[in-house]
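Here are my notes for you on this structure. Keep the viewer open and go through the points one by one.

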Amino acid sequence: MSAHDKLLGLAARPKVAVHKFSSCDGCQLAFINDAVSLLELSTLVDIVHFAEAGPLDEFAEVDLAIIEGSVNTKHDIHRLEMIREKAKYVLCIGACAITGGIQALRNYQDEKGLLSWQEGVYPQRTDVIIAEDLPTAKPISAYVPVDFEIPGCPITSIQLVSAVRAILFGVEPEKNVDSVCVSCKHAGITCVMVAKGEPCLGPVTANGCEALCPSLGRGCYGCFGASKYANIKALKQQFRDMGLTEQQITHKFQFINSQDAGLQGE
Amino acid sequence: MSHYYFLPHQRIDDMLSALKSDGYKCVAPRYHDGSIGYDDLNKSSELPWGYHDAQAPGHYEVTKTEHKHAFGFTLPTTSVKPMLFKAKENVWKVARNDEGKLAFEPIVEFEKIAVFGVRPCDLRGIEIQDRVFMENSYNDVRYVKRRENQFLIAMNCTKSHSNCFCTALGDSPFADKGFDLAMTELNDEGFVVEVGSEKGRVLLDTLNLAAASGGQAQAALSRIEAAAEAQTKTLPPIKEVEAKLMANLEHPQWDDIASRCLSCGSCTQVCPTCFCHTERDEPNVLGTETNHTREWDSCFSIDHSYTHGDTYREDTKYRYRQWLTHKFSTWRDQFRTKGCVGCGRCVTWCPVKIDVVDEINAICK
């Protein structure tokens, strides 16, 4: 079904909920940081659940559930299924919800490794990760069907407001498919890889961040996930030519969006 | 009397003042954080004095020397294109009034800009884009206004970088037309200046410059010739390239390129002649009005070949082939000019060092 057909049934004044799973809350802040747009939006929709902003009604029937964060616990799965059941449409926001996010790096660790990470992060032993919980951090789409996604770590206010606006118009939110290189060139930013020898994921990463890191002289970290038709093999070869070790290259790709299918390759 | 004049370095500021009193904003190549690109110029001391650049495939480096010249580098990182055909701009907006009627408002923004230091290849880039945006059945009102309000001071090349290939296309690093003033820098002294338009003559008259000596004029020409001779890249005659590319659409080299190409679009975005663009609407939150924007697109973008329900160039191989064959072959059918000026930016700024000249030679062998 096309997005247009799918959205034909959207209520004239939709009910919206904003949910959080394992995440830093940075993507929800895209709403709160642009308070004027959020207030304007509230004249068009009813925001029934948004813990970060005030309203609480977690399992209310809604037209649109906006979900941030990844699924890490059995309790998460249960809650997610309830939310999905009560929502007509699900919009996932940010790297955690779409690819598992940075916490999905745990997927590469066994129990022992995870314990050593835990000891490295927390000053004393905690039960922050309980034995019965899931051994992986996974995206929302690994457990329930997702209608729309907007990538980023974090997403921007413009992305979020535009996506909701598009859904209200009954059309699919626009996807970022071009590379960060395009954003750099549009902004007149000198290529950090060519001019500074900085290894940069920009050529394989979807734009949408206005090339934030290259504008500050740093290589792209790949926060927005793979651009469409990313040639990972060619970029890895370039990193080798620049003198990066295989481990350094692996660390480049295993970061914000390590589970992104588009960022895999030799 | 020689038809060349001489502008000593000490008098650049007089020229800038004259341009400013004519209402022009001056723009010139300037050094910033490891690269030289166009920026606003208020005084001559802001020029990239002593800076040199080294360029190779996927490589760009700037070094500071003690030389007393402002144009000792080859090319700025960007061409003049972004001043005429902007990377992104609003072209119109539309609002719905209380009665539900749509009111459209065109947006045409321009300012008077004098560009101090345009390399001959970039001048040819403007000439090619004029054909696209002004001398075509389709006229872009913004481009036309900006061109009318532009003052171009060409700067002949006294050096070539290793990716330069204007001579391989039958051109030279010498500005032969399309400028208001053309200059050639002589080290430690100043510029030999030539008039290219009435606008240029009027400006020069206000400066009351002395004629260049025969020796200065000759030195300037020798320096340009040396820059031409320093270029090492070669191509078959352009007519042959145009024919052979189209006769080799299934050449195995296209697959070879596709294995290396990131399809990132950098080559098209730095190109002084690429003109493809896409349009978008940016509605306000309430959905009562929208900005209609136009921004640079690229034939390397997957959406670029999406036409009524299908993507025609799904593979990088076909996107690269589209770019190369358009630039070096079908451009002539479309606009009766070459599509490339040999500035070499697509080679320098390719993150994986793909050299367009090498690829053409491999296919035309």
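**Notes on the two chains**

1. Let's start where the chains meet. Chain A and chain B bury about 2700 Å² between them, and 58% of that is on carbon and sulfur atoms. On the chain A side, the residues that lose the most area to chain B are A:His186, A:Val194 and A:Tyr229, which together make up 26% of what that side buries. Keep in mind that this is a predicted model.

2. How many residues does the contact take from chain A and from chain B? It takes 30 residues from chain A and 36 residues from chain B.

3. The rule finds three salt bridges across the interface of chain A and chain B. Have a look at the salt bridge between the side chains of A:Lys196 and B:Asp33, with 2.9 Å from N to O.

4. Which elements of chain A give two or more residues to the side that touches chain B? They are helix 3 (35-41), helix 7 (157-169), helix 8 (180-187), helix 9 (192-196) and helix 11 (232-241). Sort that side of chain A by class and you get 15 nonpolar, seven polar and eight charged residues.

5. Hop over to chain B and find its hairpin. Strand 2 (residues 25-32) and strand 3 (residues 35-40) of chain B run antiparallel and are joined by six bridges. If you want a pair to look for, B:Pro29 stands opposite B:Tyr38 in strand 3 of chain B. The hairpin has two residues between the strands, and B:Asp33 takes a positive phi near 45° there.

6. In the contact between them, 14 residues of domain 1 of chain A touch ten residues of domain 2 of chain A.

7. What holds for area and polar pairs between these domains? Domain 1 and domain 2 of chain A bury about 1100 Å² between them, with carbon and sulfur atoms giving 59%. The count of salt bridges between the two domains is zero, while four residue pairs are in polar contact, both residues at pLDDT 80 or more. The side of domain 1 of chain A that touches domain 2 has eight nonpolar, six polar and no charged residues.

Notes:
Residues numbered from 1 in each chain as written. Chains lettered and ligands numbered in written order. Predicted model: local features only at pLDDT ≥ 70, side-chain atom pairs only at ≥ 80, totals over all residues. Heavy atoms only, no water. Contact = heavy atoms within 4.5 Å. Buried area = accessible area lost by both parts, 1.4 Å probe. Salt bridge = Lys/Arg side-chain N within 4 Å of Asp/Glu carboxyl O. Helix = DSSP H or I, 4+ residues; strand = E, 2+ residues; numbered from the N terminus. Nonpolar A, V, L, I, M, F, W, Y, C, P; charged D, E, K, R; others polar. Pairing = 2+ DSSP bridges. Polar contact = N/O pair within 3.5 Å; in protein donor to acceptor, adjacent residues only side chain to side chain.
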